[in-house]
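Hi everyone, and thanks for coming. Let's take a few minutes to walk through a structure together, so please have a look at the screen.

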Amino acid sequence: MKYAISDIAQVLGATESILGCPEATVSTLLIDSRSLSLPSETLFFALRTSMGNGHKYVSDLYDHGVRNFVVESLADISEERRDANYLVVNNTLIALQMLAAYHRHRFESLPIIAITGSRGKTRVKEWLNQLLSPDYRIVRSPRSFNSQIGVPLSLWNIDDDTTLAIIEAGISTTGEMASLQAMIAPTMGVITNVGDEHDEGFSSIEEKIREKARLLQDCKQCIYCGEDQRIKDAIPSLTQLEWSQQDDTAGKTTITYTIDGEHHKATVPFTAPVDIENAVTCLGVLLTLGITPETIAQRMALLTHVATRINVIEGVN
């Protein structure tokens with residue numbers, strides 16, 4: 001989708017701006033100058049992070065054809081480069097999130113599944129994509145884009161053809177989930193689990209759970225492990241899914257489950273406990289979306305392993 005730069009300026013409240021080419025349109029958001037691919041339709045956000053200052057790359061991107069920038073100051077913009085568009089804001093990260101939230105809310109009726117938790121977010125997201133792709137045109141978070149920066153970039157991929165979005169949301173301290181929840185506005189929430197990752201950002205495990213649960217505050221459905229009493233206390237219980245597992249030969253596991261008093265089975269090509277836990281989470285999502293047990297059994301048998309952030313591949317030596 002494309003936005004007029006003048007419309008984006010209004011969304012961001014960028015009043016002190018330079019519109020050197022006001023007829024420009026934007027289809028691509030950029031935060032890393034090394035990932036430039038479509039200069040004429042790119043909007044670069046000059047983010048300030050612990051790793052660096054994006055304002056340092058504005059001149060170089062201009063020389064490579066970019067003409068749309070969101071910046072916090074015009075002080076370093078030379079006169080010969082002021083024929084471009086510079087939207088001046090107080091905080092470029094907040095501006096990125098504002099634009100993503102505006103874009104998401106243009107698709108008010110779009111169902112969005114938001115996934116949080118300490119581990120398994122990416123695997124559950126990718127498996128849900130495998131399991132639901134026959135029924136939906138899905139937009140999902142690229143790789144592990146689940147941060148304050150990754151979430152808005154993920155939401156930007158939603159377009160008129162999208163019928164379901166699956167978005168990861170990760171936090172490392174208090175106060176971060178509120179902005180993610182506001183951007184995503186999920187209709188269904190999933191908590192994979194809560195472990196000791198990022199414990200230093202929270203005063204207690206209970207506080208961490210409460211922060212993660214903020215993502216689900218307006219969701220119509222919530223999927224989580226009811227055996228974790230800490231999560232159960234933070235989120236109201238809905239439909240109960242009782243299940244057990246039986247390891248099969250040849251690296252397979254049969255999951256037996258009971259829903260609404262009826263017994264069903266699904267076999268997955270995994271045996272590791274963490275994989276079974278993630279598969280049952282996906283099973284809960286599919287049942288909530290109305291996928292029949294027969295279809296679930298067919299699709300779960302075809303699940304494949306998902307690449308993670310750390311992978312071992314065989315090299316020459």
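**Around strand 12**

Helices (H or I, at least four residues) and strands (E, at least two) are DSSP runs, numbered from the N terminus. Two strands pair if DSSP finds at least two bridges between them. Before going on, please note that this is a predicted model, where local features need pLDDT of at least 70, side-chain atom pairs count only at pLDDT 80 or more, and totals for chains, interfaces and linings use all residues. Residues are numbered from 1 along each chain as its sequence is written, and side-chain values use heavy atoms, with hydrogens and water left out.

Back to our pair. Strand 11 (residues 138-140) joins strand 12 through three bridges, in the parallel sense. Between them the chain passes through helix 5 (residues 150-155), and this β-α-β crossover is right-handed, that is, with the strands pointing away from the viewer, the path from the first strand over the helix to the second runs clockwise. Strand 10 (residues 112-116) also runs parallel to strand 12, with four bridges, and there Ala-114 is opposite Ile-167.

How many residues of strand 12 are buried? Five of the five in strand 12 (residues 164-168) are, so the strand is largely enclosed by the rest of the structure. Buried means under 20% relative accessible area, exposed over 50%, partly exposed in between (1.4 Å probe, protein chains only). Leu-164, Ile-166 and Glu-168 point one way, while Ala-165 and Ile-167 point the other way. In a regular strand the side chains alternate between the two faces of the sheet.

Next, let's look at an open sheet of five strands, with the order 2-9-8-5-4 and mixed pairing. At its edges are strand 2 (18-19) and strand 4 (28-30), each with a single partner strand, so one side of each has no neighbour in the sheet. Strand 5 and strand 8 (residues 68-71) are parallel, with two bridges, and Phe-44 sits opposite Phe-69 in strand 8.

Helix 1 (residues 5-12) packs on this sheet and touches strand 2, strand 5, strand 8 and strand 9 (85-88). Contact means heavy atoms within 4.5 Å. Helix 3 (residues 92-105) lies across strand 4, strand 5 and strand 8, at about 140° to strand 5. Axes are lines fitted to C-alpha atoms, for helices over the stretch in contact, and angles run from 0 to 180 degrees between N-to-C directions.

Is Thr-42 buried or exposed? Thr-42 is buried, because its relative accessible area is 1%. Thr-28 is 14 residues away in sequence, yet the two C-alpha atoms are 4.7 Å apart.

Finally, helix 4 (residues 121-132) packs against helix 9 (residues 273-288) at about 50°, with the axes 10 Å apart. That angle makes helix 4 oblique to helix 9: angles under 35 degrees count as roughly parallel, over 145 as roughly antiparallel, 65 to 115 as roughly perpendicular and the rest as oblique. Among the residues making the contact are Trp-127 of helix 4 and Asn-278 of helix 9. Asn-278 counts as buried because its relative accessibility is 2%. Leaving aside neighbours within four places in sequence, Asn-278 touches Gly-120, Arg-123, Val-124 and Trp-127.
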